[in-house]
Amino acid sequence: MYLISEIIVYLINMSKKNKRKTIFLILFSFGLFVSSTNIGTPFINADFSVPIAYLTFKTSGGGVRPDYGFHISHDLSKIGIQVTVKVEEWSVFVGTLLLTHDFDLVVVGLSGGGSSPDMRSVYTADGSLNIFQLDYNLPYYNESEYLQNLGVTLIEPSERRPIYYEWQELMMDKIIPLMPLYAPKSYVGTWANTEEYNVSWGIVDSLPYMYYDGYHEGQVSLDEFNMADANWRDLNPLIHDDTSSAFIWSLMAEPILQFSPYLVPSSSGLVHDWEMINATHYKFFLRDNLFWNPSYNVTVRTAISPPLETITDGELMVGLKGEYSNGTNQQVTAKDAVFTFLAWNNPIVSNSTIYHNWISDIYIDPLNELAFHIHVDEDYSTPEEEIYSDFWHRMSFEILPEFFLNSTDSTITYTAGGVRCIGLYPEIVATDTWKSFSISAFGCGKYLLDYFIHDSKTVLTNSPYWMNIGAKDGSIQYLNISTINVHAIPDASLELSEFKAGILDWTGLTIFPTERKLLQEDPRFDVQSFITASFSFMGFNLKRSFIGGSNNFIYLTEEGKEEYTRGLAVRKAIIHAIDREKMNQEEHGGEYFNCHSVVYPFTSYYYYDGFQYEYNQTKSLEWLAAAGYYEFPTPTPTITETPTPTIPTSTIPLSTFSIITSIIFLPLLYYYRKSKKT
């Protein structure tokens, strides 16, 4: 305004000298002023005194999700969207998600999955977790469902991945049911002298590569690895239901098919090769010259017992078939693999039959005792065999000794998938053999159970019978760490204290963020993290007006955006307007993983982050303008050193134009007339 007043004064003075020139300058200056009003912040209801939309945000109480809501409400207010945050008790919130759909925006998380990119239960119209109200009429939905259905028919991971990449880009660009938020991380700590430990592969698969580079404080041996856990309960994997038992068993066993942290099958395990006969029939080949570890009975052993190798064959545990293993007499063959899968899917011995009910038939190859066949069927309740591509990670269960756990009983039972079994009968779990295996188990893995003291520790020693093949790369490896001591310390704070004192070599740190950050700054320690199998997101109710509803079927007319609808434009605008990185920083110290897709980041091989929405208010306003909710100014004209006097167009509203005209012209008209009289 100061510049305007200066121009007016100058023109008044000029009018006294040269009237014609003054009139010309008045017109030119007015045109310049009008065009200059296009420079700077666009005229888009700048104070947002009247919101363009009112949305309801819902989430459950507890944790940081209500705080997410207030962050989101604040950011969206900057683009004229007023958000009301409502927090519901969990049971009510579940009904909101799945029954009433009484929300516009919702923050929720998914967990417990991630082993497969197949998420049809969430992202299809008939999915049980379709909280977004996806339906067949939604533009691009049918293409999405087609790609998802195609993905589960492709068996080889390398063929599936590009399909899921294409699907994820379609979801994030042309459907947008959600705005991805975060995946939490878990943290573990080791002493810095521990070499070759990789948190992604875990302790068991890292052990063949691990060694110590010198001693750390409190360490007394370079041959031992010390860690803590709760007391284990049952070492039989068919029966146990706790992670402590599962960990001890995994040290003694080997998976039938090795599965990498990137969720792809590997040839570095017991199965070294496989062949696809057809889309539902596969043949697997086990390594030769692999043997079961000795069937030691360790129930009466203590810290002062003689070494395991001094135990004679006559002291070994004998199985239901009257056989035992001394480390060289019982070869690992296809009958063990077949028995393992049959047992896991047989309800009379297994607590978890759901993992293998896709097996419609399984048998040993008639010409090769190291090969077995599996017929897969996604839905065993129908007569036709249906393609099921997600069986790979179910092949990674540890192999069981058939010669020890199976019987000669002629009883015929059936798996949950309808496959015939011989030898398993209802009373078998109560036999002395099965009971002894629960507390004195053996496998064909890296370590042997030596002894255990309840509420004190479990000790395992390296097996001289192990196959010496590393899971990471299939290379020949030897165990540098000969003894594993798992201390029974159920209290996490005490475990951390023992770790810092040097008594333990490894500990979990996730629940101790303050201590963990101190350890990260301490060169004596090494802290690693991994993304957990969960992620959170802000979901859109696609049936609600403004963000969806009829806006889902009105296509944009702006050049370059004709493939998008008003609903998509609004959802894109909302995502661009929310500063997710700032929210992560303020709520999680910036330590959560920023997600950019509709699948778990944990599903790393299939996770696609090539289509991202950065925080950008300009882009947000551009999409709102394309949807017709804002009006952008015309581009500012370029002014040269010798401008040609013109009257440029303006996007100033008529009322504003009238005021400006009055301010400039009425004083000038007055002085012009006065000059005519003098």
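Which residues does leucine 257 touch, not counting residues up to four places away in sequence? I opened my notebook with that one, working from a predicted model.

**Entry 1: leucine 257.** I found leucine 257 in the loop between helix H9 (243–252) and strand E10 (258–259). Leaving out residues up to four places away in sequence, I listed its contacts as Pro265, Ser266, Val271, Trp274, Trp392, Met395 and Ser396. I then looked up its relative accessible area, which is 0%, so leucine 257 counts as buried, the cut-off being under 20%. I also checked a C-alpha distance: leucine 257 and histidine 393 are 136 residues apart along the chain, yet these atoms are separated by 8.2 Å.

**Entry 2: the cores.** Next I looked for nonpolar cores. The largest has 86 residues, and Phe372, Ile374 and Phe391 have the most contacts inside it. Helix H10 (residues 334–344) gives the most to this core, with eight residues. Another core, of 77 residues, lies apart from it, and Tyr182, Val570, Ala577 and Ile578 are among its members. My reminder to myself: in soluble globular proteins, nonpolar side chains tend to be buried together.

**Entry 3: isoleucine 374.** Setting aside neighbours within four places in sequence, its contacts include Thr280, His281, Tyr282, Phe341, Trp358 and Met395.

**Entry 4: asparagine 406.** Is asparagine 406 buried or exposed? I found that asparagine 406 is buried, because its relative accessible area is 8%, and buried means under 20%. Asparagine 406 sits in the loop between helix H11 (402–405) and strand E16 (412–414). Not counting residues up to four places away in sequence, asparagine 406 touches Leu320, Lys321, Phe339, Ile422, Gly423 and Leu424.

Note on methods. Residues are numbered from 1 along each chain as its sequence is written. This is a predicted model: local features need pLDDT of at least 70, side-chain atom pairs count only at pLDDT 80 or more; totals for chains, interfaces and linings use all residues. Side-chain values use heavy atoms; hydrogens and water are left out. Helices (H or I, at least four residues) and strands (E, at least two) are DSSP runs, numbered from the N terminus. Buried means under 20% relative accessible area, exposed over 50%, partly exposed in between (1.4 Å probe, protein chains only). Contact means heavy atoms within 4.5 Å. A nonpolar core is a set of buried Ala, Val, Leu, Ile, Met, Phe, Trp, Tyr and Cys residues joined through side-chain atoms within 4.5 Å.
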